[in-house]
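Welcome! Please take a moment to look over the sequence and the 3D view before reading on.

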Amino acid sequence: MDWLDALSPHWFWLSLGLILGAAEIMLPGFFLIWLAGAAIVTGMLVWVLPIPIAGQVGLFAVLAIVMVYAAKSWMVRNPGALGDPLLNHRAERLVGETVTVVEALDGGNGRVKVGDSVWMAKGADAPVGARLRVIGSDSGALLVEPA
């Protein structure tokens, strides 16, 4: 048991912080980094102060709660801009694009070609080959008007 006595508790906390930091990189989300920070701060304090095990666990718990709460509060006050807010809204991304009618719009419904794909379209009647502009979307169909 001499090796266990030689093992300093600060190495446990610093290692735990590194493991949690690595897990944050591998797993989706933005939570484990705050626990990693709490573990690293605990390890640094244990390195310089003689804190009993129960105190170390309590210190880690308090730091974890404070860090998570502070990070959440900061993120609520400072929301980040999304890189591409229309990323998962394919039809909305097409607003303003010019499309070609491949199935005549008759009675307000037809099909248009966008790039290399064909979409359902709603709008004023238009013959095959007509060029239209996308102005919006409705239930997966593109809303179009004469270009």
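The report below goes from the overall outline to the helices and then to the strands.

## About the model

This is a predicted model, in which local features need pLDDT of at least 70 and side-chain atom pairs count only at pLDDT 80 or more, while totals for chains, interfaces and linings use all residues. Residues are numbered from 1 along each chain as its sequence is written, and side-chain values use heavy atoms, with hydrogens and water left out.

## Overall outline

The protein has 5 helices and 5 strands. Here helices (H or I, at least four residues) and strands (E, at least two) are DSSP runs, numbered from the N terminus. Along the sequence the pattern reads α-α-α-α-α-β-β-β-β-β.

The C-alpha atoms fill a box of roughly 85 × 30 × 20 Å along the principal axes. The radius of gyration is 29 Å, whereas a compact globule of 147 residues would have one near 15 Å; this value is taken over C-alpha atoms, and the globule rule is 2.2 Å times the number of residues to the power 0.38.

## Two helices side by side

Let's turn to helix H2 (residues 9–26) and helix H3 (residues 32–48): their axes come within 7 Å and cross at roughly 165 degrees. Axes are lines fitted to C-alpha atoms, for helices over the stretch in contact, with angles from 0 to 180 degrees between N-to-C directions. That crossing makes H2 roughly antiparallel to H3, a label for angles over 145 degrees.

Residues making the contact (heavy atoms within 4.5 Å) include Trp 13, Leu 20 and Glu 24 of H2, and Ile 33, Ala 36 and Trp 47 of H3. The contact residues divide into 15 nonpolar, 5 polar and 1 charged. In this count Ala, Val, Leu, Ile, Met, Phe, Trp, Tyr, Cys and Pro are nonpolar, Asp, Glu, Lys and Arg are charged, and the others, Gly among them, are polar.

## The strand barrel

Now for the strands: a closed barrel of 5 strands runs S1-S2-S3-S5-S4, with mixed pairing. Two strands pair if DSSP finds at least two bridges between them. From one strand to the next, the twist averages 50 degrees.

Strand S2 (residues 109–114) runs antiparallel to strand S3 (residues 117–123), joined by 6 bridges. Val 112 has Trp 119 of S3 as its bridge partner, and Val 114 stands opposite Ser 117 in S3. S2 and S3 form a hairpin with 2 residues between them, and Gly 115 in the turn has a positive phi of about 65 degrees.

S3 also runs parallel to strand S5 (residues 141–146), with 3 bridges joining them. Here Ala 121 stands opposite Leu 142 in S5.

Key
Parallel < 35°, antiparallel > 145°, perpendicular 65-115°, else oblique.
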